[in-house]
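Dear colleague,

Please find below the structure that I am handing over to you, followed by an account of what was found in it.

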Amino acid sequence: MRPRELKRTIVFLLTPNFSMIAFATAIEPLRIANRMLGFEAYRWRLVSPNGGPVKASNGCEMAVEGSVESERRALLGEQRPSMVFVCAGIYVEDFSDRTSFSYLREAHQRGISVGGLCTGAWILARAGLLADRRCAIHWENLPGFSEAFPRADVRADLFEIDHNIFTCAGGTASLDMMLALIGEDCGEEVVNRVCEQALMDRVRSSSDRQRLPLRARLGVQHAKVLAIIEIMEANLHEPLSLVDISKSVSLSRRQVERLFDKEMGRSPARYYLEIRLDRARQLLLQSSLPIVEIAVAAGFVSASHFSKCYRELYGRSPQQERALRVAATANAA
């Protein structure tokens, strides 16, 4: 296939409260690539579940060209796309449009590549497309996603491409995934020209980390403290004892306690409790799991102890936290 014959028609399905930055950084590389190539290698159209405008999480409203139902009909004709990307954002757990799920399944069954931007992987999973598939989702949504879809092979990477399923973590990771797509279609030279236009100094790989390294994120330099925190973050469901953690870094319990008091301003037990409660909070905000199951997932032996600790840290009970989230979702609708 000669370059000037190359065409990809991409459908972007925008869902309520979608991430504007994830959408913009997905579509702009395609526009720039067309400009650098001097012809229209990429075409796209925007749709919504009902064909009406969609409000992004930043409050801006985006007009679209059609509905999911019209796109289902297009699967059978000349307007058939080569790819479909779902762009989602906050409150994705509440998206329950059955027509959209059916459309995604049908597109996939017909050999069309499907993908998710930001939290779009959640919608793909709800459509039944991510069982035993690698996928990526924004780090903030990863705990709830893992609990809701245990068969999905979710990873904290920038993006994942598993055969004809494309997912990315959102933000500027959409740009990285699209650059990978453009590179596959048009070669490294075009990717470099797109990067120059977008003022990017490097192309990130799919396995680049989403979050800042612990050293930068926490402002901590001590290697032993960082190693201990990594161990804690990897063992939230079944917390380790401080004695076992201390042995794993070749320190005594007393040494670990002194280090945390100096570097973190609190005891290691207190810090461990706080990150477990933070995981519980993410599950409360991102899932409909019963509170007792959330307590277990965060390493608590009883719901009552979990509720007591949660209230002490956040000033409200888990039930009140969930009620606030339901109210916020209703106001954003």
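Helices (H or I, at least four residues) and strands (E, at least two) are DSSP runs, numbered from the N terminus. On that basis, leucine 236 is found in the loop between H9 and helix H10 (242–248). This is a predicted model, in which local features need pLDDT of at least 70, side-chain atom pairs count only at pLDDT 80 or more, and totals for chains, interfaces and linings use all residues. Residues are numbered from 1 along each chain as its sequence is written, and side-chain values use heavy atoms, with hydrogens and water left out.

Leucine 236 and its surroundings

With a relative accessibility of 11%, leucine 236 counts as buried; here buried means under 20% relative accessible area, exposed means over 50%, and partly exposed lies in between (1.4 Å probe, protein chains only). Not counting residues up to four places away in sequence, leucine 236 touches Tyr272, Ile275, Arg276, Arg279, Ala297, Ala298 and Gly299, where contact means heavy atoms within 4.5 Å. Asparagine 331 is 95 residues from leucine 236 in sequence and 32 Å from it in space, C-alpha to C-alpha.

Helix packing

Two packed helices are described by the angle between their axes and the distance between the axes. The axes are lines fitted to C-alpha atoms, for helices over the stretch in contact, and angles run from 0 to 180 degrees between N-to-C directions.

Helix H9 (residues 223–233) packs with helix H12 (residues 268–286) at an angle of about 40 degrees, the axes being 10 Å apart. H9 is therefore oblique to H12: angles under 35 degrees count as roughly parallel, over 145 as roughly antiparallel, 65 to 115 as roughly perpendicular and the rest as oblique. The crossing of H9 and H12 is right-handed, a term for a near helix turned clockwise from the far one by less than a right angle, with anticlockwise giving left-handed. Ile229, Met232 and Glu233 of H9 make the contact with Pro268, Tyr271, Tyr272 and Ile275 of H12. These residues of the H9 and H12 contact comprise 6 nonpolar, no polar and 1 charged. In this classification Ala, Val, Leu, Ile, Met, Phe, Trp, Tyr, Cys and Pro count as nonpolar, Asp, Glu, Lys and Arg as charged, and the others, Gly among them, as polar.

H12 also meets helix H14 (residues 303–314): their axes come within 10 Å and cross at roughly 95 degrees. H12 is therefore roughly perpendicular to H14. On the H12 side are Arg270, Leu273, Glu274, Leu277, Asp278, Ala280, Arg281 and Leu284, and on the H14 side Phe306, Cys309, Tyr310, Leu313 and Tyr314. By class, the contact of H12 with H14 has 9 nonpolar, no polar and 4 charged residues.

Tyrosine 314, which lies in helix H14, is partly exposed, with a relative accessible area of 22%. Leaving aside residues up to four places away in sequence, tyrosine 314 touches Leu277, Asp278 and Arg281.

H6 and H7 pack at an angle of about 140 degrees, with 8 Å between their axes, and are therefore oblique to each other. Leu179, Ile182, Gly183 and Cys186 of H6 form this contact with Val190, Val191, Val194 and Cys195 of H7. The contact of H6 with H7 divides into 7 nonpolar, 1 polar and no charged residues.

Two buried residues

Aspartate 176 is located in helix H6 (residues 173–186) and counts as buried at 2% relative accessibility. The side chain of aspartate 176 makes a polar contact with that of arginine 204 (2.5 Å). A polar contact is a pair of N or O atoms within 3.5 Å; within protein, one must be able to donate a hydrogen and the other to accept it, and residues adjacent in sequence count only if both atoms are side-chain atoms.

Alanine 88 sits in the loop between strand S6 (83–87) and helix H3 (98–109) and, at 0% relative accessibility, counts as buried. Alanine 88 and cysteine 118 are 30 residues apart in sequence and 6.1 Å apart in space, C-alpha to C-alpha.

Positive phi values

Most residues other than glycine have a negative phi, and most peptide bonds are trans. Histidine 163, although not a glycine, has a positive phi of about 60 degrees. Histidine 163 lies in the loop between strand S10 (159–162) and strand S11 (165–168) and is exposed, with a relative accessible area of 68%.

Yours sincerely
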